[in-house]
Amino acid sequence: MALHLRSSSSLKSTFLNILSLRQNLGFGSRSHVTRHIRQNLPHDPPLRGSQNPIRGFCNTMAEQETLSSFGQHEDASNHQVMDFPGGKVAFTPEIRFISESDKQRVPCYRVLDDNGQLITNSQFVQVSEEVAVKIYSDMVTLQIMDNIFYEAQRQGRLSFYATAIGEEAINIASAAALTPQDVIFPQYREPGVLLWRGFTLQEFANQCFGNKSDYGKGRQMPVHYGSNKLNYFTVSATIATQLPNAVGAAYSLKMDRKDACAVTYFGDGGTSEGDFHAALNFAAVMEAPVLFICRNNGWAISTPTSDQFRSDGVVVKGRAYGIRSIRVDGNDALAMYSAVHTAREMAIREQRPILIEALTYRVGHHSTSDDSTRYRSADEIEWWNKARNPLSRFRTWIESNGWWSDEAESDLRSRIKKEMLEVLRVAEKTEKPNLKNMFSDVYDVPPSNLREQELLVRQTINSHPQDYPSDVPL
Amino acid sequence: MSSIIHGAGAATTTLSTFNSVDSKKLFVAPSRTNLSVRSQRYIVAGSDASKKSFGSGLRVRHSQKLIPNAVATKEADTSASTGHELLLFEALQEGLEEEMDRDPHVCVMGEDVGHYGGSYKVTKGLADKFGDLRVLDTPICENAFTGMGIGAAMTGLRPVIEGMNMGFLLLAFNQISNNCGMLHYTSGGQFTIPVVIRGPGGVGRQLGAEHSQRLESYFQSIPGIQMVACSTPYNAKGLMKAAIRSENPVILFEHVLLYNLKEKIPDEDYICNLEEAEMVRPGEHITILTYSRMRYHVMQAAKTLVNKGYDPEVIDIRSLKPFDLHTIGNSVKKTHRVLIVEECMRTGGIGASLTAAINENFHDYLDAPVMCLSSQDVPTPYAGTLEEWTVVQPAQIVTAVEQLCQ
């Protein structure tokens, strides 16, 4: 970022401003040149007289003995400490680098083992039967919805789709731990959050088909859902741009002192974007109540995480920004629920951001425009789909509590499947939005140039009606 | 809401004095007339404003002052009439403060806007008055705090996002284009983004290439945003207030060299229409379209032109997106000659778009090709002498008018 220069005399004043430690070293009579010195200094700035401010910053180890240097003193344990902007810091005479990684990776919080059995001495937030059954049912619904929409795209009925197969636990369990007032800023692989909140299968289908019942008025690609009333902000395809938006929403909630937080989801690939780093930094500085939930599913289209970053995943990045973080088994619905529940309380009560890295696997392709067998083995995909399936783990657990059965399972599955097929049929038949929706909502009121352009389009259609799609009403 | 949109219709008495007189008389006469009919014109302005629709022709605001110099000077008329004098950055600050008082959802975010008061002092004193949260100092990441503003706007706040220099907002281009401009549309109208993005831009005095950018040329294509450029304390305050009240995202372009302009502005609440151009000097021979700092170069050239017997009509277009083609069109139909004077680069600037729009819409009314004077397609040099020649100078404007009016 370029140094902010002003008029020609300001170069000198800028230089001196950097070095001046006290306000009355400010330069010139014009107020806007004098920098207001905020508290970036240690608690008790020494009130010495005409000391040379430059010396204070150039302390070398050889000068440690001379106590007359500014800002240096001994603490109780006889170790030399130095006051720098940002606080006291202890010296060390050893030349020691912080290692680029710990020997041990950060452990992953999980509560149910691979077979769905509760791990002894595990800490988790208890869920009621009602909530647990809803979590599981919604996971099943999401799985079926994804499969059917994917097939519909393959059959040519939909133009595009992106599944969340393998990540159902992250979607549903995290949503279950939030309240309806928490505002969601999704990436594009979190339709489960909307599903939990009450978005109907018909509403999903309407958006995918872009018909006139779509809340987005047919303007976006499939899976770019958005719902004002469910506090789920419209998906914007650009990666990680929703992270600063979420911080802004959290800032708004903080100003209004609401008992709610902002929650934003992103993938492992999204953590490479500049917006990720800036948003985390901002959230920490503003003390904004926002949950950053990273779905680390191992793949960003064809880029594995080993080519995405060299850190121990995403959880360690939180510390760099002063953010409390946790790594969770994303395929363990109970652990996800507990982690998000706890994090949300912390975020709101303490007004701080929390980073949650949910480890999982992207079982499906990146989208219908991708064939992931080109860059990973079909065996790997199959293993994760069968052996590490989040649904079967959670199902074992709720069955062991007597809350579920085979009968309930088959009932649910056949009901959802039937509903999905009906929903597809209705959505496909529904009329597309009117042509005027192409020009509305660009501004609050269409300005003259857009009205003119709409007129031109309509004139063209009138003279070439055979070239205009028949299912778009004028 | 007791704001008055200043667009008086009946200012014919003063208009006639502007037509082909020498500069000295121009300077003195309006103030005398202002004195006597000021109160009357207020009433006219108030009642007419309610009947007037957008773009209804020539409008002269009540205290029409011909500014014959490149930089506005203190008015000779300092009678005890209503209004108070202030500098442009103070006018911006006053507008911002009034809106923050009026609506608790208005907040400010940017680098050093808090206790430092902003690098050009537009937000001076606001942090003390409204608190650190409402006037937020952010870390250095334009994309992030612009994104933050957009997220906050979608949840009900009305942020005013300050770029320390317009050039830095290039780092925020992604958020401005992909989220700010688009989300109202792609969400089907479910979410509005009433942000104001503002900051100083333009060529200053030896600020170097990176700090002398004209971002209006890069932003003009983004659908969904509005762009306005202020040039006087009066329209600075009016546009700031209107931008904050607008439901659309608005980018307000200020100019680094205009912050210390002094003018007397009304005491009462007023806003300026965001889509409207400002008639600076009515005339008959040629229409000169300009905005921001170039307005003052044009007015300086106008002085010379008037001495040479020309009668230029000067319009400060103010609204860069969309163009006020109504006011501009009426002017073209009257004078049949157009000169555009801008600070943007030759390629792809506001002038280029405006030339295309005028040619397309008013081709039949033109007696000569539209001429556009712009800066060269070079990064702004640091050397003062070179920098001076990258911006259009009054002498070039005079030559261009003479050429067009042959």
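Mentor: Please do, and let us begin with a helix: α4 (residues 168–176) of chain A is mostly covered, with nine of its nine residues buried. This is a predicted model, in which local features need pLDDT of at least 70 and side-chain atom pairs count only at pLDDT 80 or more, while totals for chains, interfaces and linings use all residues. Residues are numbered from 1 along each chain as its sequence is written, chains are lettered from A in the order in which they are written, and side-chain values use heavy atoms, without hydrogens and water.

Trainee: Why is A:W384 called buried, and why is A:W383 called partly exposed?
Mentor: Buried means under 20% relative accessible area, exposed over 50%, and partly exposed in between (1.4 Å probe, protein chains only). A:W384 has a relative accessible area of 18%, so A:W384 is buried. A:W383 has 44% and is therefore partly exposed.

Trainee: What makes the pair A:F204 and A:Y225 edge-to-face?
Mentor: Rings of Phe, Tyr and Trp (its six-membered ring) pair if their centres lie within 6.5 Å; planes under 30 degrees apart count as stacked, over 60 as edge-to-face and the rest as tilted. Here the centres are 4.8 Å apart and the planes stand at 85 degrees, so the pair is edge-to-face. A:F204 belongs to helix α6 (residues 201–209) of chain A and A:Y225 to the loop between α6 and α7 (242–256), 21 residues apart, so that the pair links distant parts of the chain. Both residues, A:F204 and A:Y225, are buried.

Trainee: Why is the pair A:W383 and A:W384 called edge-to-face?
Mentor: The centres of these two rings are 5.4 Å apart and their planes lie at 85 degrees, so this pair is edge-to-face.

Trainee: How do you know that A:R388 lies over the face of A:W384?
Mentor: A charge sits over a ring if NZ of Lys or CZ of Arg is within 6 Å of the ring centre and within 35 degrees of the ring normal. A:R388 is at 4.7 Å from the ring centre of A:W384.

Trainee: What makes strand β13 (residues 312–316) of chain B largely enclosed?
Mentor: Five of its five residues are buried, so the rest of the structure largely encloses β13(B). B:P312, B:V314 and B:D316 point one way, and B:E313 and B:I315 the other.

Terms used
Helices (H or I, at least four residues) and strands (E, at least two) are DSSP runs, numbered from the N terminus.
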